[in-house]
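Hi everyone, thanks for making time. I'd like to walk you through one model today, so let me put it on the screen.

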Amino acid sequence: MRARSRLGVLLAAVATLAGAVVPVAAAHAAPKSPDTAVLDGARLQQTKLRLDHGDPQLTRTLKNLTARADNWLTQGPWTVVDKPKPAPGGDVHDYLSQAPYWWPSQPKTADNPWGCPYVQRDGQRNPEVDTGTDRQDVEKVFDSTYDLSLAWYYTGRKQYAEKAATVLRTWFLAPGTRMNPNLDHGQFIPCKYDGRAIGIIDFSQSYTSVLDAIAILNTGAPGWSKSDRTAMLDWNSDFRDWLKDSSFGKEEGAAQNNHGTFYDMLLAGLAYATGDRDLARRTVLDARARRINPQIAADGSQPQELARTRSWHYSTFDLVAYTRLADIGRHVGVNLWSYRGPDGQSLFKAVDYLLPAATGAEPWPYPELEFHRFAASDVVHAAADAGDRAARAAVPKLQTPPGGDLWALRPAAEQLDSIAG
């Protein structure tokens, strides 16, 4: 059934349930369907209508979302230009982050202020990375604009939209505070690298949420002007081209683990959001043989992720990228969920592999420094929505994430136990 037809049926049903003998046209005016890259705009539209008509379950969930949005109203905006030192090269508008799992191996002295050389400790986060760079601030930009735009869409409260617009303009658009559209200095290692391709994951793991936030605001949000929309489209087009054509982008695209999956998700999302639907479609199609075949085993396990010290986190993390990539594919006519590799690999199998631990039925049998059962909740929801019976049966047994289960309002997977790296 087409989305418009479903919408008419929903409106008629709501009017009937309410006992109102009125034409459908007299019911609430239909909200606009945002042209989101990951989220299903028609589904958001229908959810908004259900909220407008007092759906009690959605109303309870909305309180969790607006609590998050209210928290952002008193924070930010943030900018790349206020870090203590600019990125290597000296341009304060360049984004800078530090490799999270690299640590000094020597005492810090006047002659060796960083304590170089740095050595790797996989899965152990160096607290230095949260000071002096842009990493923490950019995550706040991503999270706040997503929460605020969704809260505005569902409630109509202009303060949410105006705050999201201010955050976006400050970080990406205003001449004095804007970020350059590149990641040349992501995850640098002191005394070793001024930046690395691997740093692209700072954006690839979450930036599609910003793309969807922009699409939501583009439906007519107060405080978000036509010039803002045009400038943001230009920024995203430049960033898309950097991601596609730069040496760092090509190197990250060749990665064999979650970095490669997230790269595809970001490239496809940017391509869709900037109007290059052919590139978006090719990227999703190529992920079948390029990602699923080598990265997911016949039993559904993800060997590259199981080898990590945080195997549960990275197994769920990679599936966040896959499920969001499948969401983008839906918009360009590709059903990634239906794909089966030569050994039977599939996204359904990969999610089902996690179900015993996700439901608490069995312990997770691989190394994990900090196990959080709720980390799998969103990817299980995604598989259930895509038609996986085992996942659908598992949904009532999932652990609720901190802050509540927001799936009904933003049905696209997030990394719920987020760590950096």
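**The disulfide**

Let's start with a torsion: about the S-S bond of cysteine 116 and cysteine 191 it is about 75°, so the disulfide is right-handed. A disulfide here is a pair of cysteine sulfur atoms within 2.5 Å, and for this pair S to S is 2.0 Å. The structure holds 1 disulfide.

Before going on, a word on the source: this is a predicted model, where local features need pLDDT of at least 70, side-chain atom pairs count only at pLDDT 80 or more, and totals for chains, interfaces and linings use all residues. Residues are numbered from 1 along each chain as its sequence is written, and side-chain values use heavy atoms, with hydrogens and water left out.

Is each cysteine buried or exposed? Cysteine 116 counts as buried, at 12% relative accessibility, whereas cysteine 191 counts as exposed, at 59%. Buried means under 20% relative accessible area and exposed over 50%, with partly exposed in between (1.4 Å probe, protein chains only).

Now the whole chain. Its secondary structure comes to 16 helices and 2 strands; these are DSSP runs, numbered from the N terminus, with helices being H or I of at least four residues and strands E of at least two. Along the principal axes, the C-alpha trace spans about 80 × 50 × 40 Å. Of the 421 residues in the chain, 55% are buried.

And contacts, meaning heavy atoms within 4.5 Å? Taking those between residues at least 6 apart in sequence, 73% join residues at least 24 apart.

Notes. Contact means heavy atoms within 4.5 Å.
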